[in-house]
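Here's a quick briefing to read alongside the model. Have a look at the structure, then work through the points below.

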Amino acid sequence: MALKTISTFLSPLSLPNNHNISNFNPISLSFYRKPTPVSCKSTQSQTQSRVPLSETQFLSSEPEGTGAAAPTRGDRFLERQQADEAAKLVIKETKKSKKKTKKLLKVNTAVTSCYGCGAPLQTSELDAPGYVDPGTYELKKKHHQLRTILCGRCRLLSHGHMITAVGGNGGYPGGKQFVSADELREKLSHLRHEKALILKLVDIVDFNGSFLSRVRDLIGSNPIILVVTKVDLLPKGTDFNCVGDWVVEATTKKKLNVLSVHLTSSKSLVGIVGVASEIQKEKKGRDVYILGSANVGKSAFISALLKMMAQRDPAAAAAQKYKPVQSAVPGTTLGPIQIDAFLGGGKLYDTPGVHLHHRQAAVVHSEDLPVLAPQSRLRGQLIPVASKNGMVGKLNSDGLNGFSVFWGGLVRIDILKVLPETCLTFYGPKRLQIHLVPTYEADEFYKNELGGLLTPPTGKDRADEWRGLETVQQLQIQFEDTERPAGDVAISGLGWITIEPRRKSLGIFDNNFEETIKELHLAVHVPRPVEIFVRPSMPVGKAGAEWYQYRELTEKEEEIRPKWHF
């Protein structure tokens, strides 16, 4: 059959008579050749040659036909276009389905938190933060009211129970610990990458210990409003003009650029209106974060702030119903708490306190924590105490030289070299008793009375576990004017001691000492790793306004120096 076809194809052509074969031009003829299929044998195995076809190849793999039925170039072009469009449509639908899956996962993994402490709600661990009765949880979940639930721990805290939850570096010994201080600090790391307004809170009683000098590591370049809390605890008769200037001076020395400084009291609502006005002025649609060290008073401040804002903002009035829990326990807040306090853009956030390892609260037992928190206005405790006739009890003409002062079981101060008229005034918790003993008897006195007269630690059992006052720092405090305090010795997490070179009320005068001594020598003992700060004296009480001196400022300093408000 094949041979016949080839012979027929090669047979002589029959031409008309009027055509001359000699004039034949072979180029002018076109021959139609039927396509001949060619089979190629692959060298690869059948298993290797089974490659899955793409969508375009699959759609164009049908028989194309031959001869007159063969597709034209236009048909093939249209087929390719249709295949490409179909492939694009399939890819588009696949992407849409992936996006829907991601959105569903994001919604499903979102965990509702307790509005009191920010801990994720859970129904499995009874003693852990965030625990809710399973029946209550399911009922609230059914009615979409999970954000109105207060966990069991918060209920106990609101009734005065001391329940700690934070351990690790900067956490608290004793009690159960469910989260570390480093984990809480990590929850604030996102602030460096967000545009937000930061309200940085500082406790006036523990100004240096709660200041967070490295706050820029947490918040980046976001603007800061400095809020000084608990000013109602300062001694009676304090001039807040002097205190405000002192705070601004201290802030400027720490090279922390702030928009403004506000002296406030969450208890008496002093200064809260000024903070609310500053927030509305500087917020500019951004979220507002309340930031500060543990137990600085963030939750109490938020409660006072919402109360003042509620007078003009209905959103703040509604937010008062579900506000963070207030407690004397450091580490009450365990996660960011969102508060819808503004009608415009932006939210208000309460954040977990930054737990600092160098504060006294990080070394005492959890049941001794209430002792460290002053509950009423501070009253300076003077050492030595002047008698009615102006003479000092058992002290000799050398004054405090050769004596040691114990401030509870947490601080010991050895008086090495001071003026005879030098006195120390202690500002801190009233429940910490002060004892004066000769230095040569101090070691034995501390060993025998720790847990009894000297507390915290409270009780002999905790005293046996107490590591003692391991850190000793030698201080040399210079002074020029005997009529003004030489400086303050601030103990992180506790309070401060004002050192006066000469106090007239003691009735001891020796001009020879005044001419020779121009600095005071002390040795301060504290638990490790509590920090000690030496600073210019804070002008408190009526006497503070008399000796405090305002520094003259240049025009440039006036421009860049933050303003303070009260």
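Setting aside neighbours within four places in sequence, Ser210 is in contact (heavy atoms within 4.5 Å) with Leu201, Val202, Asp203, Ser293, Val296 and Arg359. This is a predicted model, where local features need pLDDT of at least 70 and side-chain atom pairs count only at pLDDT 80 or more, while totals for chains, interfaces and linings use all residues. Residues are numbered from 1 along each chain as its sequence is written, and side-chain values use heavy atoms, with hydrogens and water left out.

**Around Ser210**
- Ser210 sits in the loop between β3 (196-203) and α8 (216-219); helices (H or I, at least four residues) and strands (E, at least two) are DSSP runs, numbered from the N terminus.
- A polar atom of the Ser210 side chain lies 2.7 Å from the backbone oxygen of Asp206.

**The sheet**
- Five strands make an open sheet in the order β13-β10-β11-β17-β14, with antiparallel pairing (two strands pair if DSSP finds at least two bridges between them).
- β13 (434-438) and β14 (471-478) are at the edges with a single partner strand each, so one side of each has no neighbour in the sheet.

**Strand pairs**
- β10 (residues 403-407) pairs with β13 in the antiparallel sense over five bridges, and Phe406 has His435 in β13 as its bridge partner.
- Four of the five residues of β13 are buried, so the strand is largely enclosed by the rest of the structure.
- β11 (residues 411-417) and β17 (residues 519-526) run antiparallel, joined by five bridges, and Asp414 stands opposite Ala523 in β17.

Note on methods. A polar contact is a pair of N or O atoms within 3.5 Å; within protein, one must be able to donate a hydrogen and the other to accept it, and residues adjacent in sequence count only if both atoms are side-chain atoms. Buried means under 20% relative accessible area, exposed over 50%, partly exposed in between (1.4 Å probe, protein chains only).
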